[in-house]
Amino acid sequence: MLYIEVGMNDVPLREMFCNCEKTVIKTRRIKMEKLAIKGGYPVRGGKIFYGRQWIDEDDIQAVATVLRSDYITCGPKVDELERTLCEFTGAKYAVAVNSGTSALHCACIAAGVGSGDEVITTPITFAASANSVLYCGAKPVFADINPEFYNIDPESIRAHITEHTKAIVAVDFTGQAVQIDEIRTICKEYNLTFIEDAAHSIATKYKGQQVGSLADMTCFSFHPVKTVTGGEGGAILTNDEEFYKKLVLAHTHGITHDESMMEGAPHEGPWCYEQVSLGYNYRLTDFQAALITSQLGKIEIFASRRKEIVKRYDEAFSSVPEIFIQKEISESDTCRHLYIIQLNLNQLTCTRREFFDAMSAENVQCQIHYIPVYWFPFYQHMGYKKGICPNAEEMYKGIMSIPLYPRMSDQDVEDVIHAVKKVVANYRR
Ligand SMILES: Cc1ncc(COP(=O)(O)O)c(C=O)c1O
């Protein structure tokens with residue numbers, strides 16, 4: 001059978017094929033609809049955003065219960081969250097903190113990152129991954145990404161190692177696990193600390209194991225667009241007791257109540273505590289902890305709905321030559337936080353900006369993840385030059401995150417697909 005995709009408006013083409021003998025024609029209705037940005041009707045009435053939280057009545061109840069209790073911070077709900085995270089991930093220790101950013105900062109402190117050190121990370125991430133290195137007075141060094149998986153390329157990591165390299169902050173971008181085995185091998189070879197920025201990847205598995213106990217330290221974020229949320233919040237997980245002790249100190253002023261860690265100031269009574277290092281107030285409140293724990297109870301539901309939507313998007317876009325979709329390493333069973341389409345701009349008559357604006361006019365609000373970190377003026381002023389990570393810069397030119405969150409209805413998903421195909425059809429070269 002000759003399968004021909006013919007637009008509704010391509011009347012001469014349809015007639016030409018219809019008159020051909022021995023040709024079976026299946027026409028698909030790909031009406032060339034007028035773009036909303038050019039005065040046509042949008043694919044949907046209400047705006048849909050690229051991500052949003054899913055809060056139910058039981059989450060609200062969990063928060064309300066804490067608000068009516070004795071402890072709204074430094075209480076039992078933080079301990080419960082830490083235990084739940086350990087059970088879920090298989091990690092030995094967890095420290096809950098007030099953001100993914102503070103999680104990364106604490107991990108860098110625990111790794112001993114300081115002045116004169118270099119830490120290798122990716123430019124395709126939120127600025128916090130690199131900023132946490134700067135907070136410690138060290139230098140972020142940007143390794144390039146793999147152009148198909150979009151994660152940091154282990155070969156590029158190797159190429160950037162110097163005698164000053166202290167750690168690697170590898171980001172599970174969009175939720176896909178980084179090449180953990182390769183990065184672990186590099187860390188072992190050069191005695192580096194492997195910090196996994198898993199802000200996007202809670203519920204992702206690598207070779208069947210939950211992200212959380214695979215790197216030396218793993219950092220989660222509980223920002224509202226992430227898979228589970230506390231409004232704000234974060235956590236660091238580790239199997240290493242020494243890292244754990246340092247993380248505990250770092251997130252609460254460097255102060256300890258643990259006698260075994262005190263240095264001998266007179267221990268006059270149960271009120272005694274000592275500050276033994278310089279730390280921060282990065283504590284999470286108990287009501288946020290309760291919200292995150294409640295959300296974790298539904299993580300399988302959130303993850304499976306995300307996977308369903310990703311599967312539908314993959315099916316819809318894999319045959320569209322104007323769009324590249326992210327490839328995955330076989331080891332990663334990914335709970336996707338972001339769905340990125342990469343526009344093949346050679347096949348389109350529009351710019352990325354025109355595509356983005358056309359999607360907005362269709363009431364599908366996209367986002368761009370991410371501008372390469374070292375392009376920001378703050379980094380440029382420190383002397384980072386454009387062009388240092390060509391794969392990242394090339395990828396950045398065409399990417400766009402389309403809506404992905406578990407509460408999207410099937411109709412929402414179809415609307416997004418419709419909008420993408422409509423914009424592609426209008427700008428097809
Ligand atoms: C990759 C990555 N790392 C770190 C962070 C920082 O997390 P938070 O916003 O919880 O501080 C984010 C947040 O968006 C992120 O996407």
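Colleague: What should I know about the model and its numbering before reading any feature?

Modeller: The model is predicted, with local features needing pLDDT of at least 70 and side-chain atom pairs counting only at pLDDT 80 or more, while totals for chains, interfaces and linings use all residues. Residues are numbered from 1 along each chain as its sequence is written, and side-chain values use heavy atoms, with hydrogens and water left out.

Colleague: How many aromatic pairs are there?

Modeller: A pair of aromatic rings is described by the distance of the centres and the angle of the planes. Rings of Phe, Tyr and Trp (its six-membered ring) pair if their centres lie within 6.5 Å, and planes under 30 degrees apart count as stacked, over 60 as edge-to-face and the rest as tilted. By this rule there are 15 aromatic pairs. Phe220 and Phe222 form a tilted pair, at 6.4 Å centre to centre and 55° between the planes. Ring pairs also link Phe142, Tyr374, Phe378, Tyr379 and Tyr384 into a cluster.

Colleague: Which strands form the open sheet?

Modeller: Strands of a sheet pair through backbone hydrogen bonds, either parallel or antiparallel. Strands (DSSP runs of E, at least two residues, numbered from the N terminus) pair if DSSP finds at least two bridges between them. Here 3 strands form an open sheet in the order β12-β14-β15, with antiparallel pairing. The edge strands, each pairing on one side only, are β12 (323–325) and β15 (399–402). Strand β14 (residues 339–343) pairs with β15 over 4 bridges, and Gln342 stands opposite Ile399 in β15.
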